[in-house]
Amino acid sequence: MIPNKQAGAALEERPGADVEAWRKDFPVLGRTINGKPLVYLDNGASAQKPRAVIERIERYYSTEHANIHRGVHHLSQEATAAYEAARETVARYFNAAEARECVFTRGATEAINLVASSWGGANLTAGDEMLLTVMEHHANIVPWQMLESRLGIKLVVAPISDAGELLVDEWEKLIGPRTKLAAFCHASNSLGTLNPARELIAKAHAHGIPVLLDGAQSAAHLKIDVRELDCDWFVCSGHKIFGPTGIGVLYGKADLLGAMPPYQGGGDMIDRVSFAGTTYRGLPERFEAGTPNIAGAVGLAAALDYLDGIGHDAIAAQEQDLLAYATEQLSQIEGLTIYGRAPNKVALVSFMIEGIHPNDIGTMLDADGIAVRTGHHCTMPLWERFGLTGTVRASFAFYNTRAEVDALVASLKKIRRLFLG
Ligand code: PLP
């Protein structure tokens with residue numbers, strides 16, 4: 001039982017949930033904000049860090065740090081081993097066939113830019129088409145628009161239903177003779193919609209089209225198996241999966257990645273440099289120019305080990321319970337509309353309350369110690385589709401509780417009374 005501090009009563013949490021123990025792993029969850037216990041419901045933007053990650057990074061900097069790959073001295077070799085072990089952990093976690101298929105990037109954004117610039121630059125020409133969906137994050141739109149300006153390719157955008165589900169038949173009908181690539185989010189950061197990735201990838205492959213799967217929002221919630229999904233590239237950000245900021249992963253099938261030209265030039269990615277001509281290393285080094293985020297990689301591996309320890313079934317059970325509970329409770333607030341009603345969703349709820357600006361809601365929730373995101377959530381075209389400029393978004397992690405949903409609902413009811421009487 002988690003004490004419901006707002007109501008002063010004891011509230012039933014999902015039977016069997018280990019949430020109290022999990023919460024103790026996250027020091028920040030013990031904080032108060034504006035005199036109230038922190039209710040952190042902005043996990044879609046960035047998840048909090050367990051002690052295991054914080055301590056791993058501290059240990060790295062306290063005892064293991066040196067620059068990697070280039071040193072003969074002991075510390076450099078230890079740091080290199082830690083960095084490459086982190087890559088092995090990432091590969092195992094996502095079930096990549098080989099560690100060299102996993103490139104460390106700054107995050108999902110950089111990973112998409114890498115594919116757009118490298119693969120796109122080498123394989124797309126004027127008049128070629130690529131298929132997106134209207135629910136994409138700007139990170140999966142703007143790099144392709146930059147390619148559109150540079151190369152004259154055409155972006156084709158698949159529609160969604162009013163419930164926020166991709167119209168799969170429409171999506172497939174948009175594949176034509178000039179379509180060279182499909183890219184879509186596994187889960188929508190604004191609606192929560194979980195796209196049928198495996199089905200879409202199989203359809204794209206039947207048309208001979210490779211697929212980039214944006215897993216920035218799915219990786220925190222689901223066990224990702226890149227080989228089962230059969231995606232050609234998969235991208236995600238460390239900070240959304242309980243790891244550090246400034247680290248992310250680009251997974252790519254070895255044959256595809258291996259045939260891609262380098263994205264950035266510099267140290268570590270070269271085989272031999274001369275003014276007569278330079279040759280490059282193989283995978284994954286050719287895509288990791290310069291000194292990488294070593295502590296970030298090591299911290300990310302600690303986060304993935306931590307998640308494996310919690311267990312993906314336990315995570316899914318807790319989050320789906322919170323999603324169902326939050327959807328039911330929020331639906332009872334007068335004038336509140338939920339955007340994103342797909343049957344398969346990750347644990348987030350986007351909503352508006354008629355007559356109150358989302359930013360006012362966010363600011364007033366903060367006064368109650370409740371952190372949510374407000375605005376367009378980097379999906380402006382999606383909100384245009386709904387005739388909106390944005391929403392309030394509560395996004396959950398396995399460490400959230402029903403009591404926190406109750407705190408959110410109570411605060412929203414109070415805000416509604418203050419604004420609308
Ligand atoms: N794709 C989706 C679906 C996202 O939600 C986000 C971040 O919110 C990104 C990509 C970009 O992630 P990052 O800013 O960590 O690179």
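**Exercise 1. The ligand shell**

Which polar side-chain atom lies 2.7 Å from an oxygen atom of the ligand, and to what residue does it belong? Work out the surroundings of the ligand from there.

Solution. 

Before starting, note that this is a predicted model, where local features need pLDDT of at least 70, side-chain atom pairs count only at pLDDT 80 or more, and totals for chains, interfaces and linings use all residues. Residues are numbered from 1 along each chain as its sequence is written, and side-chain values use heavy atoms, with hydrogens and water left out.

- Step 1. The residue is His239: a polar atom of its side chain lies 2.7 Å from a ligand oxygen. A polar contact is a pair of N or O atoms within 3.5 Å; within protein, one must be able to donate a hydrogen and the other to accept it, and residues adjacent in sequence count only if both atoms are side-chain atoms.
- Step 2. Look for other such pairs. A side-chain N or O atom of Thr109 is 2.6 Å from an oxygen of the ligand. For Gln217, the corresponding distance is 2.8 Å.
- Step 3. Check the cover. On its own the ligand has 390 Å² of accessible area, and the protein covers 85% of it. Accessible areas come from the Shrake-Rupley method with a 1.4 Å probe; for residues, only the protein chains shown count as cover.
- Step 4. List the shell. Around the ligand stand Ala108, Thr109, His137, Ala139, Asn189, Asp214, Ala216, Gln217, Ser237, His239 and Lys240. A residue is near a molecule or strand if one of its heavy atoms lies within 4 Å of it.
- Step 5. Sort by class. The shell holds three nonpolar, six polar and two charged residues. Here Ala, Val, Leu, Ile, Met, Phe, Trp, Tyr, Cys and Pro count as nonpolar, Asp, Glu, Lys and Arg as charged, and the others, Gly among them, as polar.

**Exercise 2. Salt bridges**

How many salt bridges does a search of the whole structure find?

Solution. 

- Step 1. The search finds 25. The criterion is a side-chain nitrogen of Lys or Arg within 4 Å of a carboxyl oxygen of Asp or Glu. Side chains of opposite charge can pair when their charged atoms come close.
- Step 2. Take Asp42 and Arg393. Their closest N and O atoms are 3.7 Å apart. Asp42 sits in the loop between β5 (39-40) and α2 (51-64), Arg393 in strand β19 (residues 391-395), and 351 residues separate them. Helices (H or I, at least four residues) and strands (E, at least two) are DSSP runs, numbered from the N terminus. Both partners are buried. Buried means under 20% relative accessible area, exposed over 50%, partly exposed in between (1.4 Å probe, protein chains only).
- Step 3. Take Glu64 and Arg59, with closest N and O atoms 3.3 Å apart. Glu64 is buried at 8% relative accessibility. Arg59 is partly exposed at 44%.
- Step 4. Take Lys223 and Asp308, which meet at 3.8 Å, N to O. Lys223 lies in the loop between β10 (211-214) and α8 (226-229) and Asp308 in helix α10 (residues 294-310), so the bridge ties together parts 85 residues apart in sequence. Lys223 is partly exposed at 41%. Asp308 is partly exposed, also with 41%.
- Step 5. Look for shared partners. Lys36, Asp368 and Lys414 are joined into one network.

**Exercise 3. Backbone details**

Which peptide bond is cis?

Solution. 

- Step 1. The bond from Leu283 to Pro284 is cis, with omega near -5°. Pro284 lies in the loop between β14 (279-280) and α10.
- Step 2. Asn95 is not a glycine, yet its phi is positive, about 60°. Its place is the loop between α3 (74-93) and β6 (102-105). Asn95 is partly exposed at 26% relative accessible area.
- Step 3. Asp268, a residue other than glycine, has a positive phi near 75°. It is found in the loop between α9 (254-258) and β13 (270-272). Asp268 is buried, at 11%.
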